[in-house]
Amino acid sequence: MGKLNNKWTRAAIPALLLHCSIGTVYCWSYLKDAIFAAFTNPTMSQSGLDWAFSLAIFFLGISAAFLGNFVEKDIRMASLLAAIFFAVGVAGTGLAIRLQCMPLVLICYGAIMGIGLGLGYLSPVKTLMLWFKDNKGLATGLAVAGFGAAKMIFAPIITAMIGAVNVELTLYILGAVWFVMMFVGHLLLRKPEGWVEHHEKFDIKAFFSRFKIFADVKFIGIWLVFYINITCGLALISNEKAIYTAIGLASFASILGTMTGFFNAAGRLGYSTIGDHMKNRNNVYKIILISELAITALALFTGTISNQIAFICIPLLILVNLGYGGGFSNLPTLLSDVYGMGKISSLHGIALSAWAFAGLTGNQVASLIVEKTGSYQNVLIFTAIMYAIALLVDIFFVRTKKTQT
């Protein structure tokens, strides 16, 4: 067993197995049409069904915020529960189709799977940072790269399976596959030998006192920048397939989804590695926001989506995916730069509450704009304004001078 005790087998590989499974939540745009079509007498609209994805992201962020301490104390139990909740949520969505119960999709894909997402997302992050203590950005990049790569790997698989069998059976099969992947990750995941943590007994006052961090202007700034970047990313990423259809590339949607999934993963690994070599890690967020704002402004100026300008629309989605992924991988390392490693899982979890609220606003705002105006081009106006606000918040409120918690 001694040969297994290294940073690759105890941290990197299990992190990829866990995150490459839960990251398939971003394949929703490749599932939702088939799920909706499987209901003979739908009890809600397709936009109503989109709440399944929104709830999944919401419960991811909320479970991460409230269970950060639990993950900190027992990553083994947290990773096991993540596998169970996630697989049950996926398979339960298939059962909802069998029972023709659309609200059950919201419960299974949204709430149950969402809790698995939150636990699975946090479990390997601190472990990686401990094993790769000299390259923390690379470590977190490795973890969340799997989250981004999931869409690249599974979008074409899901499309092919739905065509070959049906969406219900697809969900059963993939639920089993993802459970096995996550369970193997759970078995391998370990913190370094000799690492000792001192945890106090659970105290309700101490539990809620963690949220006093919101009184810190720096944390509020980090939270807002993270929230806006995710909201804008979700507004576009959750509608990728529809955008490809709008610009006349519907037949290439699966291939393009794989490509943007690759850049989502590349942004997570690339931007975090860049951060390791920058004196001020927060400058990475400035690079991300400036590039996203610039390409969105260009797409607006040329009327990219309404005029079907593919050679600008594709770079737009590439840069949004790059920045979306990079925002995630730099969050825990930025927090550790500002607050130290002491309670990083807990702080990271609280910061991920931004993801929860972005899940309720990002794709829902985009759907509302398209429903009211009939144009994805107008979604770009919303994202451009939001990116500009995030950049201003980052410049004036986020500082990376280290303090300790």
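Predicted model: local features only at pLDDT ≥ 70, side-chain atom pairs only at ≥ 80, totals over all residues.

Residues are numbered from 1 along each chain as its sequence is written, and side-chain values use heavy atoms, with hydrogens and water left out.

**Stop 1: α11 and α18**

Select residues 217-237, which are helix α11, and residues 377-397, which are helix α18. Helices here are DSSP runs (H or I, at least four residues), numbered from the N terminus. The two axes come within 9 Å and cross at roughly 160°. An axis is a line fitted to C-alpha atoms, for helices over the stretch in contact, and angles run from 0 to 180 degrees between N-to-C directions. α11 and α18 are therefore roughly antiparallel to each other. The cut-offs are these: angles under 35 degrees count as roughly parallel, over 145 as roughly antiparallel, 65 to 115 as roughly perpendicular, and the rest as oblique.

α11 passes α18 in a left-handed crossing (left-handed if the near helix is turned anticlockwise from the far one by less than a right angle, right-handed if clockwise). Now show side chains. The residues in contact include L224, V225 and I228 of α11, and F382, M386 and V393 of α18. Contact means heavy atoms within 4.5 Å. By class, this contact has 16 nonpolar, 5 polar and 2 charged residues. Ala, Val, Leu, Ile, Met, Phe, Trp, Tyr, Cys and Pro count as nonpolar, Asp, Glu, Lys and Arg as charged, and the others, Gly among them, as polar.

**Stop 2: α11 and α16**

Which residues of α11 meet α16? They are F219, W223 and F226, and they meet L347, I350 and A351 in α16. The contact has 6 nonpolar residues, no polar and no charged ones.

Next, pick I344, which is in helix α16. I344 is buried, as its relative accessible area is 2%. Buried means under 20% relative accessible area, exposed over 50%, and partly exposed in between (1.4 Å probe, protein chains only). Leaving aside neighbours within four places in sequence, I344 is in contact with E72, K126, M129, P332, L335 and S336. Also select G68: its C-alpha is 8.9 Å from that of I344, and the two are 276 residues apart in sequence.

**Stop 3: aromatic rings**

The structure holds 21 aromatic pairs. Rings of Phe, Tyr and Trp (its six-membered ring) pair if their centres lie within 6.5 Å; planes under 30 degrees apart count as stacked, over 60 as edge-to-face and the rest as tilted.

Select Y121 and W355, an edge-to-face pair with 5.0 Å centre to centre and 75° between the planes. Y121 lies in helix α6 (residues 102-122) and W355 in helix α17 (residues 353-373), so the pair ties together parts that are 234 residues apart in sequence. Are these two residues buried or exposed? Both Y121 and W355 are buried.

Then select W223 and F357. Their ring centres are 6.3 Å apart and their planes are at 55°, so the pair is tilted. W223 lies in helix α11 and F357 in helix α17, so this pair ties together parts that are 134 residues apart in sequence. W223 counts as buried at 16% relative accessibility, whereas F357 is partly exposed at 38%.

Not counting residues up to four places away in sequence, F357 touches F58, W223 and Y227.

**Stop 4**

Select helix α5 (residues 75-99) and helix α9 (residues 167-188), whose axes come within 8 Å and cross at roughly 175°. α5 and α9 are therefore roughly antiparallel to each other. Their contact divides into 18 nonpolar, 5 polar and 3 charged residues.

Last, select Q100, in the loop between α5 and α6. Q100 has a positive phi of about 55° although it is not a glycine. Q100 is partly exposed, with a relative accessible area of 32%.

How values were computed: Helix = DSSP H or I, 4+ residues; strand = E, 2+ residues; numbered from the N terminus.
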